[in-house]
Every structure is written in structure tokens, then in C-alpha cells.
Amino acid sequence: MAHPLLKVMALPCLDSITVLTMSWRIFSFFILIAFGTLNAWAHSDASVFGAASAPAVTDGHDDHDHAAPVLYPAMIVIDPRQVVNIVVKINARLRNLRNLYVGQRVTQNQILGDLESAELETVQRTYLGLITNLAAVEAFSMTTNEKLIDARMSLAWRGMSEADIKRLDATKEPLKLIALKAPVAGYLASLNVVNDQIVNAGGQSGVYTTTGTTVATIAKPEVVYVEAQIPLDDATRIKPGGAAGILLPTPDGRRMTVKAKVASIFAYVNPVTQRKRVRLIMTNHPERLPLVEGMPVMVQFNEGGNTHAH
């Protein structure tokens, strides 16, 4: 097939304007083809025009990664010598436990459940009998006040609060349920009972001496630590009192950073792993996140020891 330009030149009957118009269109067609080829070449290798090539994909560790904080695996540790026991010293049944779980944050005097006890009802009736006949007792006894104090101590020792005793004084009716309260604020370190469980007072060797049943334990916030095994090279750059962060898991699968500081760096170096044990304490304890003995967390240090990921 003949070239289109030759066909134009072979048409003597066409005027000059028509020939020029057709020639311009053919010339434009070739220009567009040439420009498209050049543009594709430029996109495939921009370096020929002096532009920088696209950066290569790496594994994420480059020369600028030193600014990113290094995370070290750690775990929650609770000093068992510092926990507070919640002991029931009467034969009773646990009622209405308030959805308790290990690691839960509780406040002082928070109601954890109720106690139902026939034994405690009997002690309350004895107390009511004493205060009802107080005038008669005073007529023939010089120790009425001592008996009253002893009776109130007996109620308190068996788990009744001052508010419970005042209510008993006002209503003159034994309380069917006695609130089981947290003696201190902290985290539930252990929970040893379930709802409707019967507990007993255990052995008794005196009026106010009995083993009782430990239904739960509470760890005060200041005895909840975080411990991490840090490589020796990094541990040498960590100082006691240094700022740190503890990354706690949240229910939505994320992590929340809690401020902490380095409490101590143990001198012992594990000869196998060449790591040191570092203990941290939280300076801002979470209110809603549970803290459980042995729970895995991550820690980061705000100064030193952040050169390599482990």
C-alpha cells in the first residue's frame, strides 16, 4: 500500500489549500506518535532526564531508624509479700459478687459482694439483747460499758463495718446481708471464690483468733511492678530513675502507653542470654485496664539503649 503522503502528491485535481491541510494533518500524526514514545520512555526511566530514581523497597531498617523507640518484652510482677488478704472469719455464704475478675482495679471500701451468715445473725441478736436491757444490766453490773465495747468489737471482727453497726442500732433488727468491702485500693491479685460459695471460719484458738478463709487478695498499686530482661549493652545505658513507658494491651487490640520510671537494675547478668533484669514502676496507674501477675507487656526507655530492636 502506498504511503498516504504519496497519495496526496498524486492528486493533481486538488487545489493547494486542500493539499496543505492534508499534509499538516499527516505531519501532526507523526508528531503525536513520536511524543508518545518519548513520554513512555521518560516514565520508564526518569534518570535519563536527570531526575532521581524511585527509592528501593527495604525491610524497614535504614539509617534513620535510630530515632524510633525500641520495645522490649516484659511482664507484670506483683510482690506476694505486699498483698492484702480479704479474710472471712465466719461461716457464711457469698452472695451477689460484683462481676469480679483478677487484675481488676478496686477502690478502698468498694463493695465486692455480700455475706449471708446465720452465725453473724446470732451474734447480732446477742448484741441487741445487751443494748435493749442495758439499764437492767447496769443495775447489778459495774462492767456494762466493757460488755458493750466487747460486743461491738465482736461484730466488727466478724466483718461488720461501723455503718453496719449504726444501722443495727437504729433498726434493732439483725442485718441479713453484710457487705464484703475492699480494705485497700489496688488490683485484685487473686480471687478464690465464686458466687453462692460457702466459706467457713476455720480453726479457732481464741475469741478473736481464727484462720478464716481468704476469699481474695489485693495488690496495692505501689507493689505492682514491670520487669524486663534487657541486653547487657543496652542495660549499661539505662539509669535508675530514668523515664520509661509501659505499653499495655487494650480490649480493642491496641496498646496504651503508661508513664513509668526505672526502679532498679539488678546486678546479676544471665550467663546464657547476656541480659540484665530491670524493674520499672508505674507513675500513672491505669484505672480501667487490668494488671495481672505474669501478663506480657512491652516497655521502652526514653534515654539510652535504643540502638537495636530485640
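This is a predicted model: local features need pLDDT of at least 70, side-chain atom pairs count only at pLDDT 80 or more; totals for chains, interfaces and linings use all residues.
Let me begin with the largest nonpolar core, which has 32 residues, and in which Tyr-127, Met-160 and Val-215 touch the most other members. By a nonpolar core I mean a set of buried Ala, Val, Leu, Ile, Met, Phe, Trp, Tyr and Cys residues joined through side-chain atoms within 4.5 Å, where buried means under 20% relative accessible area, exposed means over 50%, and partly exposed lies in between, with a 1.4 Å probe and protein chains only. Helix 3 (118-132) is among the elements that give two or more residues to this core, and others include strand 2, strand 5 (111-116), helix 5 (144-157) and strand 11 (213-219). Helix 3 gives the most, with five residues. There is also a second, separate core of 29 residues, which includes Val-258, Val-262, Val-278 and Leu-289.

Residues are numbered from 1 along each chain as its sequence is written, and side-chain values use heavy atoms, with hydrogens and water left out.

For the overall picture, the chain has seven helices and 16 strands, taken as DSSP runs numbered from the N terminus, with helices being H or I of at least four residues and strands being E of at least two. Of its 310 residues, 34% count as buried.

Going back to Tyr-127, and not counting residues up to four places away in sequence, this residue touches Leu-148, Ala-151, Arg-152, Leu-155, Ile-165, Leu-168 and Asp-169, a contact being heavy atoms within 4.5 Å. Leu-128 also lies in helix 3, and it counts as buried because its relative accessibility is 8%. With neighbours within four places in sequence left aside, Leu-128 is in contact with Leu-168, Lys-172, Glu-173 and Pro-174. Leu-128 and Glu-173 are 45 residues apart in sequence, yet 8.0 Å apart in space, C-alpha to C-alpha.

How many cavities of 30 Å³ or more does a search of the whole structure find? It finds one, and the space in the largest cavity is about 40 Å³. On a 1 Å grid over the protein atoms alone, a cavity is a set of points where a 1.4 Å probe fits but cannot get out, whereas a pocket is an open set with protein on both sides within 12 Å along at least five of seven lines, and lining residues have an atom within 4 Å of a point. The cavity is lined by Leu-97, Leu-100, Leu-112, Leu-180, Leu-191, Val-193, Val-215 and Ala-216.

The largest pocket has a volume of about 310 Å³. Of the 18 residues that line this pocket, Val-87, Gly-159, Ala-179, Leu-180 and Lys-181 are the closest to its centre. Strand 2 (83-88) and strand 6 (178-181) each supply at least two lining residues, and strand 2 gives the most, with four.

Is His-285 buried or exposed? His-285 counts as buried, because its relative accessibility is 17%. The side chain of His-285 reaches the backbone oxygen of Pro-221 at 2.9 Å. Apart from neighbours within four places in sequence, His-285 is in contact with Arg-105, Tyr-187 and Pro-221.

Notes: A polar contact is a pair of N or O atoms within 3.5 Å; within protein, one must be able to donate a hydrogen and the other to accept it, and residues adjacent in sequence count only if both atoms are side-chain atoms. Grid points are joined across faces, edges and corners, and a volume is the space filled by probe spheres set on the points.
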